[in-house]
Amino acid sequence: MRQRKREKKKFTTEKQTKSSRPTQPLNNHYSIKVTLFDRTMATSQTTFSDENIARLKKMTDVAKTNPQQYSRTLTDLLAIVITQPNEVEQHKWIVGFLYDTFINNDSIDIRDKNQYAIESLDALTALTNIRDITTFRKVIDISCIVFRLVFQYVAQNNNAVQIWSKLIELKNKLVNKYVTTFPLDPSDNLEYDQVRNIPTKLELLKFLMVVIDTTTRTDVIGAPIRNVSNQFCLNNVSPSHSVIKYKQMENEAQQIFQGLVLKVFDSDIINPPLITATINHCVVIMKKKPQLVKMLLTKINKYDTMEKLRSNYQSVEQFKLARKYVDRNIRIFIQHCLKQKLVPTEFQNPLNIQANALTDRGADIRKKNIFAIDDPSIKKKKFEGFYYTSKRLKEPTYSNLYTLNALDDQINKYDVSDIRPNLLIPLITNALQRASVTRLSKGLEIISDRFKYAIENPVQIGTDEPAAKRRKTDRPQQSQSQSQSQSQPSQQQRSKQEPSIVKTEPRVKQEPNEDDDDIDNEDELKYGGEVGDDFFNPDEIFVLPPPTDVAFSERKSNLKVIINNFLSLANKSIGNKEDLEVPELSAEERHNLKFALPHIAMKAWKKGSWILLLTRLASRGMRIRHYDNPNGTNSPDEINKQEMADMIREEIMKYCSASIHSRIDIIIEWLNEEWYSERVFQQSELLKQGKNIDKETIVTPIYDKWCAKVFDAIINYIEPSGIKLFIRLVSDLPDLNDNVIGKIKSLCFDPVKSNIGFMALQFLIMYRPPVKDSCIRVLRELAESDQEDTKAEASKRLAKLEKK
C-alpha cells in the first residue's frame with residue numbers, strides 16, 4: 001500500500017514540475033469551470049423538465065378539444081410513467097390528468113372509461129410508489145374508481161386472467177401500505193407512526209372499504225340505499241367464474257376488514273379522525289354486509305375510551321376532547337343501527353346498555369368544564385422511542401456514540417465496566433432477546449450514522465472544529481524533539497478522560513523515513529488528524545469469511561430432526577405460553593444442533609400449524625424449475641433440494657396414512673397447496689418468458705405424482721364403510737387426471753369395495769364436468785370386463801346415464 005502511495009506521489013510531483021502554469025491559478029480556474037458547469041447542468045435540467053410539462057399540457061389541451069385524440073394521448077402519458085420511472089414532476093402532472101379523467105370528467109362514455117381503467121393498471125401500480133403525499137392521495141382516489149370498473153369487466157369476461165392479475169397486484173400494493181407510514185419513512189417510534197400522516201391513512205381506508213364492498217356478497221337490510229345498493233359486487237359474478245372465486249373473495253375481504261379496518265379499535269391510544277372515519281364507513285357495512293356485522297359489533301361493544309391511554313403526542317386537553325367526541329360518534333352509530341333495526345338479536349341488549357352509558361357520560365361532561373377538572377383516570381402511555389436521536393456526533397466518545405436516552409439522564413453516569421463479565425454478558429443477551437427487532441434496527445441505524453459522521457468529521461475532545469482545519473491555521477512548525485516532548489503529556493491527559501472512538505495501540509519505535517512522512521501528510525489531508533502506523537483507514541473494511549458449506553448428508557439428517565419434531569407437535573394445540581413448559585437452553589446447547597433443532601421457539605400455536613409449515617416448506621421453500629429432472633438439466637443443488645422436499649412429502653403421507661379418517665383434512669389441504677403453488681410458479685415462469693398463459697398448457701408433475709401415491713395408500717387402507725370419506729376426497733381435490741381415475745377403476749374390481757368405486761365415478765360424472773368423459777370411458781371399460789358382477793353394475797349405471 002505504501003509503495004502505491006509513493007508511486008502516486010512521485011507521478012504527481014513530476015506532472016506538476018513539467019507543467020508551465022502556476023498551480024494555484026490552475027486550481028482556481030478549474031473550480032470556477034466546475035461550478036459553472038454544475039449550474040449550467042442544473043439550469044438545463046430544470047428547463048428541460050419545464051419544457052416536458054409544457055409539452056404534456058399542450059397534448060392534453062388538444063385531447064380535451066378533440067375527443068378522438070383522447071385515447072391516444074392517455075396511452076402516451078401512461079407510457080411515460082412506465083418507461084421514465086425517474087421523471088417525478090411529469091408523473092405528478094400525469095396523475096392530475098388521470099384524476100380529471102376518472103373523477104372530474106363526467107362527459108367520458110362509461111365504455112371508454114372502462115377501457116382507460118384497464119390500460120392504466122400498470123401505470124397506477126407504478127405510481128403507488130410515488131413519495132409525494134398530495135399525488136399519492138390522488139392515486140388512491142383514482143384506484144378506487146379503477147378497481148370497481150376493472151372488477152366489473154373481469155366479472156363479465158371469464159378469460160381476462162392477465163387483467164385480473166394486474167388488478168390484484170394494484171390492490172395488494174395499496175392494501176399493504178395501510179399498515180405503513182408511506183409515503184413517509186418510518187420513525188423509531190411506532191406510536192408516532194400511528195398518529196402522523198392521517199390524511200393518507202383516511203384515503204387508504206376508503207380504498208379498503210371499496211375493495212370490501214366490491215368483493216363481498218351484498219344483502220341489503222330494509223329499504224335500499226339510493227346510488228349505493230345497486231353498485232356492482234360479488235352478487236353479479238357468476239358462481240362458475242374461472243377467475244373470481246366466491247369463497248376466496250369473501251375470505252380475503254373478511255381478513256382485510258378484521259385485520260386492518262377494525263384494528264383501530266384495538267389500539268391502546270385514541271385516534272379520533274381514523275375512528276370517526278371507520279365508524280362512518282361501517283354504517284354502510286351494517287346496511288349491506290350482514291356477514292361482517294358480528295365482528296364489527298363485537299369490536300364496538302368492547303371499545304371503551306376510559307380504558308385508553310393518552311398518547312405522548314397528545315396534550316391533556318386534546319385527549320379529553322378525543323374521549324368526548326369518539327364517545328359521541330359511537331353513541332350515534334349505535335342508536336342509528338338500533339333505530340334502523342340493523343342489529344342482530346344477540347347484540348341488542350349489550351348495545352342498548354352501552355348506548356345508555358355513553359349518553360349518561362356525555363350528559364355529565366356537558367355539565368362540567370372538562371378543561372378545568374382534574375381527571376385521575378387519564379394515564380399516559382409509556383414512551384417507547386428514543387429521546388436522543390441525533391445522527392451527528394457532538395463528542396468523539398463512546399458514550400456519546402451509543403447514547404439513545406436523554407443526555408441529562410442520570411443512568412448515563414453509571415460505569416458498566418465495574419460489572420463482572422460473567423454478570424454483564426447475560427444482561428446484554430437477555431436485553432437483546434427482549435428488544436423489538438424494529439426498534440433495535442432503528443437504534444443501530446442511528447449509531448451507524450453517528451459513526452460515519454465521526455469518521456467524516458474528526459474532532460478533538462471538547463472542540464467542534466475539524467482537526468485538519470485547526471492544524472492548518474494554528475499548528476506551529478516545531479522540531480522533532482519538541483513535538484515528542486509535548487506528545488507524552490497530551491497522551492497522559494487523554495488517558496484520564498473518556499476513551500475516544502479510535503483506539504490506538506502502542507507504537508513500535510522506528511527510524512524516521514522521509515517517504516513515510518510524505519505518505520502520512522497525504523493521508524492527513526484526506527482524513528484529517530495526525531496519521532501514523534496505527535492509523536485506521538475506513539476504506540479497508542474487514543469482511544467475514546464465507547460460511548462453511550454443510551454436507552448434504554448432514555443437511556438431510558438435520559431436516560429429519562425438524563420433520564420429526566414438527567410431526568410430534570402436530571396434534572397439540574397450545575394457546576398460552578403457560579400451557580407449555582419448555583426448558584431454556586444453556587449457552588453451549590444453543591450452538592449444538594442436537595439440542596437447538598428440537599427446541600421449541602414458538603410458545604403458542606393452533607392445532608395443525610406445524611403440518612401447514614411443513615407443506616409450505618416443501619411446496620414453496622424448496623421449489624425447483626424442473627421436477628424429476630425430465631431433461632437432465634437440473635443442477636446438483638436442485639437435485640438435492642428436490643430430494644429433501646420429497647423427504648417432507650413422504651413423512652407427511654406416512655403421518656396421514658396412520659389415521660386416514662381423522663387426517664383427511666390434512667391430505668386435502670396439502671395436495672391443494674401443492675397444486676396451487678405449482679400452478680402459480682409455472683404461470684410466473686411463462687409470464688417471464690413473455691408467453692400467454694391462457695394459450696399454454698400448465699403441467700403439475702409434483703401434484704400428479706403425490707396425488708397418485710395418496711390414492712394408492714387410501715385404496716389399500718380404506719374400509720367398505722369409508723364411502724363418504726372417499727367421496728369427499730375426490731370432490732375436494734383440485735384436479736383428477738386419467739391416472740387417478742384409473743386407480744378408482746381398480747376399486748370397482750374389488751368385491752368388497754366396489755360400491756365405493758362406482759359411487760365415486762357417478763359423483764364425478766354428475767358434479768365434476770372436466771372428468772366426466774374419463775369416468776364414462778372407465779364405466780364402458782368395466783362394462784366390457786370379464787368379471788360378471790362388475791360388468792353388470794357398470795352396464796346398469798351406463799344405462800341410467802344414457803336415459804338422462
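This is a predicted model: local features need pLDDT of at least 70, side-chain atom pairs count only at pLDDT 80 or more; totals for chains, interfaces and linings use all residues.

User: Why is H31 called roughly parallel to H33?

Analyst: Look at the angle. H31 (residues 754-767) and H33 (residues 788-803) pack at about 20°, with their axes 11 Å apart. Angles under 35 degrees count as roughly parallel, so H31 is roughly parallel to H33.

User: What about H22 and H25, what is the make-up of their contact by class?

Analyst: First the geometry: H22 (residues 552-569) and H25 pack at an angle of about 145°, and their axes are 8 Å apart. H22 brings Leu559, Ile563, Phe566, Leu567 and Leu569, while H25 brings Trp610, Ile611, Leu613, Leu614 and Leu617. Leu, Ile, Phe and Trp count as nonpolar, so the contact of H22 with H25 comes out as 10 nonpolar, no polar and no charged residues.

User: Which way does H3 cross H4, left-handed or right-handed?

Analyst: H3 passes H4 in a left-handed crossing. H3 (residues 67-83) and H4 (residues 88-102) have axes 10 Å apart and an angle of about 145°. On H3 the contact uses Tyr70, Leu74, Leu77, Leu78, Ile80 and Val81, and on H4 it uses Gln90, His91, Ile94, Phe97, Leu98 and Thr101. That gives nine nonpolar, three polar and no charged residues.

User: How do you know that the bond between Phe182 and Pro183 is cis?

Analyst: Its omega is about 5°, and the peptide bond joining Phe182 and Pro183 is cis. Most peptide bonds are trans. You'll find Pro183 in the loop between H8 and H9 (190-195).

User: What is the phi of Asn197?

Analyst: It's near 55°, a positive value in a residue other than glycine. Most residues of that kind have a negative phi. Asn197 sits in the loop between H9 and H10 (198-214).

User: And what lines the second largest pocket?

Analyst: That pocket has a volume of about 2,200 Å³ and a lining of 46 residues, with Lys245, Gln248, Glu252, Tyr676 and Val680 nearest its centre. The elements giving two or more residues to the lining are H8 (161-177), H11 (246-259), H25 (609-621), H27 (664-688) and H29 (723-732). By class, the lining has 18 nonpolar, 13 polar and 15 charged residues.

How values were computed: Residues are numbered from 1 along each chain as its sequence is written. Side-chain values use heavy atoms; hydrogens and water are left out. Axes are lines fitted to C-alpha atoms, for helices over the stretch in contact, and angles run from 0 to 180 degrees between N-to-C directions. Helices (H or I, at least four residues) and strands (E, at least two) are DSSP runs, numbered from the N terminus. Angles under 35 degrees count as roughly parallel, over 145 as roughly antiparallel, 65 to 115 as roughly perpendicular and the rest as oblique. On a 1 Å grid over the protein atoms alone, a cavity is a set of points where a 1.4 Å probe fits but cannot get out, and a pocket is an open set with protein on both sides within 12 Å along at least five of seven lines; lining residues have an atom within 4 Å of a point. Grid points are joined across faces, edges and corners, and a volume is the space filled by probe spheres set on the points. Contact means heavy atoms within 4.5 Å. A crossing is left-handed if the near helix is turned anticlockwise from the far one by less than a right angle, and right-handed if clockwise.
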